[in-house]
Every structure is written in C-alpha cells, then in structure tokens.
Amino acid sequence: MNLDTLSHLVILKLDLIQPPRNGMGRTECREQASHFLVRWLGVRRIPAFALGLAAVGTTGDGLAQRPATAAGTNLLRIQEVEVSGNIRPLRRNGEVGLGSFPRNVIFHFEPDTNSGWAPIRLRYKLEGYETAWHEGNGEMYLAARFFDPKGDQVSQDAFKVVGESAGWNGSFKNSPLTHRRETVKVPQRASRLMLVISSAGPPATEGVYVMANLMVTKSPGPGPPLVLMQAPFDQSPFNEDTNQAPPGWRRDGNHASMAKVVAIGKDQATKAFAILDDDPFSHAEWHSTIESAPPVRPDDTLLIEWNEMFSMGVGDLQSAKYDELMLGNYTFRVEEVDIFGKPTGIEASLRVLVPPPLWKLPWFWAAVLAAAAASALGGWRYLASRAIGREMAQLKRQQELERERMRIAHDIHDDLGARVTQISLLSAMSVENKVFPEKARAEFDRISRMCRELVSALYETVWAVNPENDNLDALGNYLCQMVNQLCERSRFRCRFHVQDLPAGIKVSSQVRHNISMAVKEAVHNVIKHADASEVVMHTEFTGTVLAVSVRDNGRGFVPNGHAVGHGLTNMRRRLEDIGGKCSIQSEVGKGSTVHIELDIESAEKHQPS
C-alpha cells in the first residue's frame, strides 16, 4: 500500500468524522493527510496501519486513540538481567534465577529492533515487590516568568508535575482535579508576569497535563486580595474552537497543536487548558501574552492557585534497577501505555526467582548436622586414638624406665653393695688384728664406720630407685624403719603413730626421695641440736593429702629469733620442689615439731614423665 492510497483512506475516515471546514478543498486535505502520515509513520504508527485504519476510533474525550496490539506480536522484549555486573541467563520457560540476596539488579528491555515500532510510553513494576508502576522521569510544568520593562526575561519559577495525579483513571470526565497553591516573590527589576503551561521537560516526555481555574492574586494589605490574572474560561463564556486561542493566551512550542482546550467533568461543563503531548521529539505550550501580562513590583508576594490533573511518562525507558531483593518469587512486567496512561496491550514479562540461601533449606541443616556428627565422631576417634597412642608410648617409656631402675638397683645392691660390705668386713677384721699398730687400727675402724654408713646410703638409694617401692605403703614402712634406726644409734626413745597407708596409691621415686630426706633431716636435727630423749613420728593420709610430723621433747628454740640453719632450709626446699610445704613449730623448753604436708595426686601430676 503506497502513501497516496493511505492518504485516500485517511481522507475518507476524516470525512466521516468531520467534513472539511473554512473552504478547505480535497487537494488541501490530501496534502495535510500526506504530511500527517509521514510524521506518524516516522514516529510510532506502523502497528496501527498493520492492523488496518478502519480500526481507528476515538476516546471518550474526542481524541484519536491508538488500537491495542496483541502481546503475541513480541514488539517489546526483556533483553537481559544483570546482577552486580554479571549477566544472568534467561531460561526458555520465561524465568530467571538471581541467586540468594541479589544486589544491584538491573532489567534491560527494548522494542523489537526489526519491527520499526517505537513505544508511546513505557512503564514497569516488579510484582510481589511493589504495587506502583514506574513511569520514568517525564515531567511538565507551570512556570511564572518575570520580565523587565524592556521585555527581557528576569527569572522563572517552575512548578513541576511528574507521574500521575491522585485519582487519575485515564479520562477527563471521571478523573478528579487536585488543588494546588504556590507562593512566589517578585524579583528585582521585574515589572510584568507571564504564566506558561509547558511539556518542555525531558524530550521523551509524553502524556496529558490539564489545568483549570488558574488564578494569580496579590495581597495589598488589609482587605480582599487583588486578582492579577484569571483563566479566561472563568471570566466569560468561551466558545471552544481548537483553532482559536482564548483571549490573552496563545499556543507555542515546536508542536503547538498539542496545546488544546478541553472540556472536563462528568457534564463536560468546565473548560481547561491542556497539553496532549504524543510527540517524543517536540513540545507544546500555553502562555499568556505579553500584552495581557499584569504589572508587578519587586518584592511583591504573589499567590498562584489552580486545579490540575495529569498523567505522563517517557517512551525511552530501557532499564529498571533494584538495589536489593529478598527471597521470593516475583514477576517483572514492562508495558506500553498511551498518553492517557491506558495499556495498549503491548507488554513483556519475566518470572524472577530469588531462592532462599542454603542455610534456610531443611535439607541443608540435615546435611550440616550429619556432617557435624560425622566430623565430631571422626575427631573424637582421632583424638582418642592419639590419646591412646600417647598413653601407650608413656606406659612403654615408664616400663623401660622401671626396668632400668630395677637394673640399677640390682647392680648397686649386688655389686657395689657387696664390695663395700667386703671392705667393711676387712676393715673390722684389721681393727682386731694386734699385729697392726694402734694408729693403723684406728684408721681401719674409721674406714669400717664409713663403709657401714656407705652401705646404709646405698640401701637408701636402692630403695629410692626400685619401682617396686613406688606406693604409699612402702613409703610409710621405710620412714618408720629409717627413723627407728637413727634413734637406736643415738639411744633415743622412738614412738610411731602411723595410719594404715593404701598400697594402691602410686608415689614416684622423686617424691619418695624428697619426703624421706626431709624426715631424715628433721631427725638428724633432733639428734644434733635438740638435747632430747624422745622422738615421736605421726603419719596420716586424708583424701589425697599425706601429713608427716616429727616431734621431740628437747629444749626447743625461737624460730624467728635467730638465723635458721641449712637443715631447715633444705627441708623446705625439698618439699617445695614436689609441690608440698614444710613448717616448724618450736617453743623454748617444750621441744619442736616439724610438719610436712603434700597433696600426692597433685604432686604426681606435676612430675616429669
């Protein structure tokens, strides 16, 4: 179908709607129709002709309406979805998965590049996340322009509108008006005021802006306000003629015909200024003429009041961004609407899935518990095997040590002890031999005594290193035997108060050695310094604490009254080395008591392996 044929169809349709006026002939109508088709086809109207011009109708407001196009034509498509800079693949079933806790989510959409179609207005929303549509950044405005006496503009105050007015339902008949009041101050050098109603916002803005009951007043002081400017429809009856501007006003802009006078309300009794912008490359304006501009003075305060309704958006939307989405199922929708905000039927949608994180899924926690149980069991078995291995190694070392101690004890007893005993016997026999001089026999006697003392020391050493004596009962028996021998040599009376000590309590050789040396030192001090006749030893075991005391009936001393000898210091040091304590009580004339206390269990834990 060529352009001339389309022009004939348009002329026939226009004749049915409204015959030519003002003497316009068929040729002039053909030229206007051709011009109209060129502009229409170049912008967005191809789908309308594809569906047939016979389907073109009018809205309830007497304006041409673009017929709805089936969504199945795929004129609009969602191109891709981006999450934090990464493209998410679109599934064939019309879904996209964004992963858990997606951030910086961007939906990219565009018209089908092969169709030659351009949308009027686009809007989008993410159902399940929000209820309102996003219309883009389209805007129109009412502006108060101030001019100086030379006719030069001084300043402008613009009052913008975006989106849709409250209660807008797509019709001038049923949509309510919203009242608005703005106050402006007249700037310096200004002498005239001009009002402008314009769609000269972002170039892609398309929609409708209706303004009624416009009035500018000034309060001169006491009394009623002074009316400076009022809409011409509110001053006198106006016979609507779209080709004629109201008195004191004129159309302007690079597509001035989009500035119209419309009837609003259910009875269409109210006339109003309107901008019906359906051109994404042009704008239209209503503005008062400079001749009708009321005079103003600097610093005057003006009140501008009007009622308005509007619906606007843009046709160049290409993306929608959401900072963060919580888990859930959503549907992203983008659709075309006409300049009145009514859907045309062209849309695209995409199901959006934001799955819960793994830690919110039941099977995840079951797997975690199973893994934790397996790890705990494996860890316990590993630690148990390590502990058993350490215990086995320690027992092995302990057994080897005990065998070595047993060998040393046997060697000392069988070899060294026997040799020292032989020396002692030979020395004793030499003492009785009269052949040797007196001096030599005295030396032999001294050697014999030293050998006996050495045998006694060797016996103590053998007892200390023999692992068979590593128990509390053996320690008690040895202490009694040692104290008894020391007292017999010094002709002391000796008494024992010894509790039955358990043989099952292990006592290391170091602990036994230090306790026996401390008790021996205490008895030696009594023999050397106490001038006593009796020694009493108490031994008891309570809980895990072993207590040993050595008491004499000697002359006593004042513990803090003079320097303490090396023997008392050595006793304290020996007990401190194994975690015990040693204390001394003494009173002049009443003897002395040495107290020894040791926690056997604690001492054994702190002994080196």
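The model is predicted, so local features are reported only at pLDDT of at least 70 and side-chain atom pairs only at pLDDT 80 or more, while totals for chains, interfaces and linings use all residues. Residues are numbered from 1 along each chain as its sequence is written, and side-chain values use heavy atoms, with hydrogens and water left out.

**Overall content**

The chain comprises 10 helices and 26 strands; helices (H or I, at least four residues) and strands (E, at least two) are DSSP runs, numbered from the N terminus. Of its 609 residues, 41% count as buried, where buried means under 20% relative accessible area, exposed over 50%, and partly exposed in between (1.4 Å probe, protein chains only). Among contacts between residues at least 6 apart in sequence, 72% join residues at least 24 apart; contact means heavy atoms within 4.5 Å.

**The five-stranded sheet**

An open sheet of five strands has the order β22-β23-β24-β26-β25, and its pairing is mixed. Strands β22 and β25 (581–586) are at the edges with a single partner strand each, so one side of each has no neighbour in the sheet. From one strand to the next, the twist averages 15 degrees. Two strands are taken to pair if DSSP finds at least two bridges between them. β25 and strand β26 (residues 592–599) run antiparallel and are joined by six bridges; Ser586 stands opposite Ser592 in β26.

Two helices contact this sheet. Helix α7 packs on the sheet and touches β22, β23 and β24 (545–552), its direction making about 165 degrees with that of β22. Helix α8 lies across β23, β24 and β26, and runs at about 15 degrees to β24. Axes are lines fitted to C-alpha atoms, for helices over the stretch in contact, and angles run from 0 to 180 degrees between N-to-C directions.

Phe496 belongs to strand β22 (residues 493–498). At 29% relative accessibility, Phe496 counts as partly exposed. Leaving aside neighbours within four places in sequence, Phe496 is in contact with Cys480, Val483, Asn484 and Met537. The C-alpha atoms of Phe496 and Asn484 are separated by 9.1 Å, the two residues being 12 apart along the chain.

**Helix packing**

Two packed helices are described by the angle between their axes and the distance between the axes. Helix α7 (residues 472–489) and helix α8 (residues 509–530) pack at an angle of about 25 degrees, with axes 10 Å apart. These two helices are therefore roughly parallel to each other, a term for angles under 35 degrees, with over 145 counting as roughly antiparallel, 65 to 115 as roughly perpendicular and the rest as oblique. The crossing of α7 and α8 is right-handed, meaning that the near helix is turned clockwise from the far one by less than a right angle.

On the α7 side, the contact is made by Leu475, Tyr478, Leu479, Met482, Val483 and Leu486, which meet residues of α8 including Ile515, Val519, Val523 and Ile527. By class, this contact has 10 nonpolar, two polar and two charged residues. Ala, Val, Leu, Ile, Met, Phe, Trp, Tyr, Cys and Pro count as nonpolar, Asp, Glu, Lys and Arg as charged, and the others, Gly among them, as polar.

Helix α6 (residues 438–465) also meets α8: their axes come within 8 Å and cross at roughly 145 degrees. Glu460, Trp463 and Ala464 of α6 make this contact with residues of α8, among them Arg512, His513 and Met517. The residues of the contact divide into three nonpolar, three polar and three charged.

**The four-stranded sheet**

Four strands form an open antiparallel sheet in the order β4-β3-β6-β19. The edge strands, β4 (86–88) and β19 (319–324), each pair on one side only. The twist averages 25 degrees from one strand to the next. Strand β3 (residues 76–83) and β4 run antiparallel and are joined by three bridges; the bridge partner of Val81 in β4 is Arg88.

**Loop residues**

Most residues other than glycine have a negative phi, and most peptide bonds are trans.

Thr289 is placed in the loop between β17 (285–288) and β18 (301–314). At 15% relative accessibility, Thr289 counts as buried. Not counting residues up to four places away in sequence, Thr289 touches Met194, Gly248, Trp249 and Arg250.
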